[in-house]
Amino acid sequence: MLAVSHALGPLFLLILTGVLLRRLRFPGEHFWAEAERFIYFLLFPAMLISTLATADFSQVAFAGMVGLLAGMLSLFALGLWLNRHRLGADMPAFTSVFQGALRFNTYVGVAGAAALYGETGLTAAAVAIAIMVPLVNVLCVLIFVASGSYGQAGIWGAFRALARNPLLLACLAGIALNITGIGLPGWSQDTLALAGQAALPLGLIAVGVALQLSALKGTGFAFWQACAIKFGLFPMLAAAIGWAINLAPVELGVVVLFSALPTATSSYILARQMGGNAPLMAAIITGQTLLAMAILPLWMALLTLMS
């Protein structure tokens, strides 16, 4: 438990630093809005490309990890949809619960995997992102469409945005460079690696800046439903299946980590643009991020005891 806390503690302190900077309004709201775009479109893709283009894929058996994550996401998406009326929420609230249960914060996931498992964990996390980003986005768009909150014209716009997603494109580029043997010739490797080193600390601070603490005042049953699935059912089933199919420690750790990650801050934008319950979504994002500081170390410590 102490080792896990030492690994994940600095990540959460950076998020809390972002919360403090937001309250101090330093260096200003406009700065952080542009900084988040800079991280999302340049620094984080640079880190993913430099990681995947030079990774030794033979060190990690990805098939079981990727299959488990994709299967779990699809299973929970179907289960939530079939039980939507039993959750007691209207459709806008249901879409926010859905996003809160299935979406994940890539900054926390990659930083956590790197802190816990080093370069191998970072590579495994990058591969997980390459699978989970398109799948989660497609599932969320389909839920909004099925709930009747989004028109036909907007569907294609959402899928076009997915096709231009910088994280997805960076993963595909890095994997292609690796498989073809091109790699990162000349100064490109060191340049991208240096740029990527700034992505995680700045990204974690930006997560804290984006939190809306005032949104927690309106939390209700739907909020706790999303948290119960995110921090309870999802990682519990992922750990049980991963242990049953004998996933290696790194792959199992990354699976459980990504299963229990707080939802992505971008969920709020999607809820606002596609007819979801945006205030509920803001509460879920903020509450899950804060709860993850206590729950994620517990899950990872429990996993260490199981292995």
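Which residues touch the most other members of the largest nonpolar core? They are Phe44, Leu48, Met65, Phe98, Ile129, Phe258 and Leu296, out of 102 residues in that core.

## About the model

This is a predicted model: local features need pLDDT of at least 70, side-chain atom pairs count only at pLDDT 80 or more, and totals for chains, interfaces and linings use all residues. Residues are numbered from 1 along each chain as its sequence is written, and side-chain values use heavy atoms, with hydrogens and water left out.

## The nonpolar cores

A nonpolar core is a set of buried Ala, Val, Leu, Ile, Met, Phe, Trp, Tyr and Cys residues joined through side-chain atoms within 4.5 Å. Buried means under 20% relative accessible area, exposed means over 50%, and partly exposed lies in between (1.4 Å probe, protein chains only). Helices (H or I, at least four residues) are DSSP runs, numbered from the N terminus.

Phe44 shows who meets whom. Leaving aside neighbours within four places in sequence, Phe44 is in contact with Ile39, Thr106, Tyr107, Val110, Ile129, Leu167, Ala199 and Leu200. Contact means heavy atoms within 4.5 Å. Another core, of 5 residues, lies apart from the largest one. Among its members are Leu21, Trp32, Ala35 and Ile205.

## Helices H4 and H5

H4 spans residues 91-102, and H5 spans residues 106-146. They pack at an angle of about 170 degrees, with their axes 10 Å apart. H4 is therefore roughly antiparallel to H5, a label for angles over 145 degrees. Axes are lines fitted to C-alpha atoms, for helices over the stretch in contact, and angles run from 0 to 180 degrees between N-to-C directions.

From H4 come Phe94, Thr95, Phe98, Gln99 and Leu102. They meet Val136, Leu139, Cys140, Ile143 and Phe144 in H5. The contact has 8 nonpolar residues, 2 polar and no charged. Here Ala, Val, Leu, Ile, Met, Phe, Trp, Tyr, Cys and Pro count as nonpolar, Asp, Glu, Lys and Arg as charged, and the others, Gly among them, as polar.

## Ala226 in H10

Ala226 lies in helix H10, residues 221-244. It is buried, with a relative accessible area of 0%. Ala226 and Phe98 are 128 residues apart along the chain, yet their C-alpha atoms are separated by 7.2 Å. Not counting residues up to four places away in sequence, Ala226 touches Val97, Gly100, Ala101, Ile284 and Gln288.

Thr289 lies in helix H13, residues 278-306. At 1% relative accessibility, Thr289 counts as buried. Beyond four places in sequence, Thr289 is in contact with Ile15, Val207, Leu211 and Pro262.

Leu291 also lies in H13. At 28% relative accessibility, Leu291 counts as partly exposed. Its contacts, leaving aside neighbours within four places in sequence, are Trp224, Cys227 and Phe231. The C-alpha atoms of Leu291 and Pro262, 29 residues apart along the chain, are separated by 8.2 Å.

How many disulfides does the structure hold? The number is 0. A disulfide is a pair of cysteine sulfur atoms within 2.5 Å.

Cys171 is buried, at 0% relative accessible area. Its sulfur is 17 Å from the closest cysteine sulfur, in Cys140, so the two are too far apart for a bond. Cys227 is buried at 5% relative accessibility. The sulfur of Cys227 is 16 Å from the closest cysteine sulfur, again in Cys140, which is too far for a bond.

Terms used
Helix = DSSP H or I, 4+ residues; strand = E, 2+ residues; numbered from the N terminus. Parallel < 35°, antiparallel > 145°, perpendicular 65-115°, else oblique.
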